[in-house]
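Thank you all for coming; I would like to walk through one structure with you this morning, going strand by strand and then to the core. Please keep the model open while I talk.

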Amino acid sequence: MRVPIVVPDFQLGAEPVRLGEWSVEVGDEVNEGECLAELICPGLAVDLLSPTTGIIAELLRQPEQLVATGEILGWLEVGPSEK
């Protein structure tokens, strides 16, 4: 099952949010709460945390791109492997 990696709502109104460097790559195993990247707003930098334990399946945005609240930045593959 795939779980989205989503930009959380920081309650900043129309302030732009920029994606910093990813801390992970496709294929990496991550734990719930692990930092995946940094989100940068004017005067504020916040860690983007993994919503669950899984494997990074896809990263959709590049560092330095502007992103919006609720936007899907990537996907985690979770659940038992069938291999």
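Glu38 stands opposite Asp47 in strand S5, and this pair belongs to the antiparallel pairing of S4 and S5, which runs over six bridges. Before I go on, please note that this is a predicted model, in which local features need pLDDT of at least 70 and side-chain atom pairs count only at pLDDT 80 or more, while totals for chains, interfaces and linings use all residues. Residues are numbered from 1 along each chain as its sequence is written, and side-chain values use heavy atoms, with hydrogens and water left out.

When I say strand, I mean a DSSP run of E with at least two residues, numbered from the N terminus, and two strands pair if DSSP finds at least two bridges between them. In the hairpin of S4 and S5, two residues lie between the strands, and Gly43 takes a positive phi near 80 degrees.

Where does this hairpin sit? S4 and S5 belong to an open sheet of four strands in the order S5-S4-S2-S7, with antiparallel pairing. Strand S5 (44-49) and strand S7 (66-67) are at the edges with a single partner strand each, so one side of each is left without a neighbour in the sheet. Further in, S2 and S4 run antiparallel and are joined by three bridges, and Leu19 has Leu39 in S4 as its bridge partner.

A further open sheet has four strands in the order S1-S8-S6-S3, again with antiparallel pairing, and its edge strands, S1 and strand S3 (29-30), each pair on one side only. S3 pairs with strand S6 (residues 54-59) over two bridges in the antiparallel sense, and Glu29 has Ile55 in S6 as its bridge partner.

Now to the core, by which I mean a set of buried Ala, Val, Leu, Ile, Met, Phe, Trp, Tyr and Cys residues joined through side-chain atoms within 4.5 Å; buried means under 20% relative accessible area, exposed over 50%, and partly exposed in between, with a 1.4 Å probe and protein chains only. Which residues touch the most other members of the largest nonpolar core? Among its 18 residues, they are Trp22, Leu39 and Leu73. Strands S1 (2-6), S2 (17-22), S4 (35-41) and S8 (72-77) each supply at least two residues of this core, and S4 gives the most, with four residues.

Finally, Ile72 lies in strand S8 and is partly exposed, with a relative accessible area of 31%.
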